[in-house]
Amino acid sequence: MRVLLISNPNSTSQNSALFREVLPVIRDVEGLQLLARFTHYPGHAEDIVRGMTREDFDVILVFGGDGTVNEIVNGLLGPADSAERPSPQDIPALAVIPTGSANVFVRALGFPNTPVEAAHVLARMLERNTRRTVSLGVWNDRWFAVNAGFGLDADVLARVDRAREMGFAATPLRYLAVAFQAYQRARIRPPRISVRARSGSGDTFSADDVPVMFTSNTNPWTFLGPLPVVTNPRNSFDQGLGLFGVSDLGGIDGLVGVLHLFGVDHRHWLNKVTDARTLHFEDAVEVDLVCPKPHRFQADGESEGTFTEVHLESEADALEVFAPTDPAPPIHRNVRRILRDLVRIN
């Protein structure tokens with residue numbers, strides 16, 4: 001098995017000591033040939049794998065976070081609107097060891113969030129050749145693996161990125177603080193997004209003047225530290241896209257709806273309040289988001305610039321990944337892991 005490891009040295013938790021601890025675990029897999037390359041600039045991972053087929057490598061192993069996963073996916077699959085899109089069997093399968101801040105993609109697949117533990121689990125997957133296909137999202141001509149959105153969440157991510165550039169850690173508390181500031185600004189100048197969506201079964205959804213609307217390809221849509229943030233419980237890598245929005249940011253109902261988006265009410269005690277303002281749609285295969293003025297748009301936790309309209313689609317069985325063949329267990333079965341992670345970050 002020929003494996004190309006691509007490492008993002010700027011990933012949140014990555015360092016040389018961790019690299020020395022993880023590499024032997026993967027290299028011990030019988031019959032595995034490993035080549036490693038480091039990225040040196042944004043988009044480098046995409047450039048490295050662009051045009052690769054399974055004749056070049058059997059597996060691309062990402063040593064990084066969701067942003068690096070996004071680059072690899074776009075490099076392997078090429079433009080989403082291309083008529084010559086490769087099949088999952090023609091390109092290298094994807095494997096991930098998480099070293100980012102949220103690591104939503106690999107955790108949603110059922111892996112631990114700690115790199116060493118994830119490496120041991122992945123080694124067993126490689127030995128047994130345990131892989132599955134997953135659906136991916138498309139925005140315009142680009143791919144996303146985790147989530148994408150207009151407005152509030154994109155604004156939060158852009159401001160957290162600026163804080164990280166200034167040397168501040170991207171902690172759950174910082175996300176919540178920035179989210180509250182963004183909420184205050186959005187109440188004054190909301191994006192007013194128009195949404196049109198269609199599911200695989202033919203159901204439709206439409207809404208106008210929505211101040212917050214984002215799309216997820218996973219369940220949960222993100223994590224705050226060890227805590228999963230669940231907005232579309234039925235969502236998974238085997239279905240279409242899940243939509244979650246807030247219809248009105250005003251009053252206590254609007255505030256609670258936004259806090260639900262960022263994981264404050266992860267036990268759903270405030271459902272009666274949030275239901276009055278939140279919008280849901282499941283298994284979407286096509287989504288159109290339109291804003292009268294340009295607003296920030298994010299995909300997989302990376303700011304993609306400002307747009308007035310974005311077209312999204314769900315592509316089933318788009319990529320092979322090394323992971324448990326069954327979907328990740330329900331969140332309530334992960335209580336022990338969540339408690340263990342809480343102890344580790346305190």
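**Reading helices, cores and ring pairs**

Reply: Let us begin with a helix: the buried residues of helix 5 are Pro115, Ala118, Ala119, Val121, Leu122, Ala123, Met125 and Leu126. Buried means under 20% relative accessible area, exposed over 50%, and partly exposed in between, with a 1.4 Å probe and protein chains only. Helices (H or I, at least four residues) and strands (E, at least two) are DSSP runs numbered from the N terminus. The model is predicted: local features need pLDDT of at least 70 and side-chain atom pairs count only at pLDDT 80 or more, while totals for chains, interfaces and linings use all residues. Residues are numbered from 1 along each chain as its sequence is written, and side-chain values use heavy atoms, with hydrogens and water left out.

Me: Against which elements do the buried residues of helix 5 pack?

Reply: Contact means heavy atoms within 4.5 Å. The buried residues of helix 5 pack against helix 1 (16–27), strand 3 (59–64), strand 4 (93–98) and strand 15 (302–322).

Me: How is the span of a helix read?

Reply: The expected span is 1.5 Å times one less than the number of residues. Helix 5 (residues 115–128) has 14 residues and reaches 20 Å from its first C-alpha to its last, close to the 20 Å expected. Asn129 follows helix 5 and has a positive phi, near 55°.

Me: What describes the protein as a whole?

Reply: The protein has 10 helices and 15 strands, and buried residues make up 53% of its 346 residues. Of the contacts with a separation of 6 or more, 75% are between residues 24 or more positions apart.

Me: Which residues touch the most other members of the largest nonpolar core?

Reply: A nonpolar core is a set of buried Ala, Val, Leu, Ile, Met, Phe, Trp, Tyr and Cys residues joined through side-chain atoms within 4.5 Å. In the largest one, of 60 residues, Ile60, Ile72, Leu94, Phe105, Leu122 and Leu136 touch the most other members. Apart from it lies another core of 23 residues, including Phe150, Leu243, Phe281 and Ala284.

Me: Is Val146 buried or exposed?

Reply: Val146 counts as buried because its relative accessibility is 2%. Val146 lies in the loop between strand 6 (142–144) and strand 7 (147–150). Not counting residues up to four places away in sequence, Val146 touches several residues, including Asp66, Phe105, Trp221 and Asp300. The C-alpha atoms of Val146 and Asp66 are separated by 7.8 Å, although these residues are 80 residues apart along the chain.

Me: How is a pair of aromatic rings described?

Reply: Such a pair is described by the distance of the centres and the angle of the planes. Rings of Phe, Tyr and Trp (its six-membered ring) pair if their centres lie within 6.5 Å; planes under 30 degrees apart count as stacked, over 60 as edge-to-face and the rest as tilted. By this rule the count is nine aromatic pairs. Phe214 and Phe244 form a tilted pair, 5.8 Å centre to centre with 55° between the planes. This pair links distant parts of the chain, with Phe214 in strand 10 (residues 212–216) and Phe244 in strand 13 (residues 241–246).
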